[in-house]
Amino acid sequence: MKRRIVLAAAFMGMLSIILGAFGAHLLKRYLSIEELNTFEVGVRYQMYHALFLLFLSTRKDIAEKTLKAIYNLVVAGVLLFSGSIYLLATKSLTVFDFKIIVFATPLGGFLLIIAWAVLFVTILRRKS
């Protein structure tokens with residue numbers, strides 16, 4: 001499980017750098033400042049959670065089942081949250097109506113909150 005977590009973290013981190021550079025260098029010609037700022041929020045939260053997964057992989061005191069639950073919540077949360085933000089921020093470049101995915105952003109954010117809450121409760125219940 002820890003190998004999978006590190007691989008996901010490395011991929012998410014790498015992808016956030018690629019997308020950040022893509023936004024800063026290519027998209028700035030086509031998007032408004034507001035759209036670029038929105039895109040950057042997706043990049044930032046993706047990187048935060050890549051680092052969160054790396055941190056999680058170093059923990060030896062968390063049960064495998066809990067690690068898997070947090071991992072699944074983070075991966076799904078980033079896909080929904082950051083993914084939908086990327087699509088919504090670049091909607092002016094396409095003809096597709098992205099309003100149908102508008103609920104993906106808060107759902108993804110909720111999954112990320114739950115992941116952090118699971119870690120919090122897990123550590124809180126542990127005796128020092």
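Trainee: How much space lies in the largest pocket?

Mentor: Rolling a probe the size of a water molecule over the atoms shows where empty space is left. In this predicted model, the largest pocket holds about 180 Å³ of space.

Trainee: Which elements give two or more residues to the lining of the largest pocket?

Mentor: Those elements are α1, spanning 2–25, and α3, spanning 64–89, and of the elements it is α3 that gives the most, with 6 residues. The lining includes A8, F11, M12 and L15, together with V75, V78, L79 and Y86, while Q46, S82 and G83 also belong to it. Sorted by class, the lining has 8 nonpolar and 3 polar residues, with no charged residues.

Trainee: Which residues have the most contacts inside the largest nonpolar core?

Mentor: They are L53, L56, I70 and V74, in a core of 21 residues. At least two residues of this core come from each of α1, α2 (33–58), α3 and α4 (104–125), and α3 gives the most, with 8 residues. Taking L53 and setting aside its neighbours within four places in sequence, you will find it in contact with I5, A8, A9, M12, Y71 and V74. A second, separate core has 8 residues, among them L27, L31, F39 and V43.

Trainee: Is T66 buried or exposed?

Mentor: A residue counts as buried when its relative accessible area is under 20%, and T66 is therefore buried, because its value is 19%. T66 is found in helix α3, and, apart from neighbours within four places in sequence, T66 is in contact with V118 and T122.

Note on methods:
Residues are numbered from 1 along each chain as its sequence is written. This is a predicted model: local features need pLDDT of at least 70, side-chain atom pairs count only at pLDDT 80 or more; totals for chains, interfaces and linings use all residues. Side-chain values use heavy atoms; hydrogens and water are left out. On a 1 Å grid over the protein atoms alone, a cavity is a set of points where a 1.4 Å probe fits but cannot get out, and a pocket is an open set with protein on both sides within 12 Å along at least five of seven lines; lining residues have an atom within 4 Å of a point. Grid points are joined across faces, edges and corners, and a volume is the space filled by probe spheres set on the points. Helices (H or I, at least four residues) and strands (E, at least two) are DSSP runs, numbered from the N terminus. Ala, Val, Leu, Ile, Met, Phe, Trp, Tyr, Cys and Pro count as nonpolar, Asp, Glu, Lys and Arg as charged, and the others, Gly among them, as polar. Buried means under 20% relative accessible area, exposed over 50%, partly exposed in between (1.4 Å probe, protein chains only). Contact means heavy atoms within 4.5 Å. A nonpolar core is a set of buried Ala, Val, Leu, Ile, Met, Phe, Trp, Tyr and Cys residues joined through side-chain atoms within 4.5 Å.
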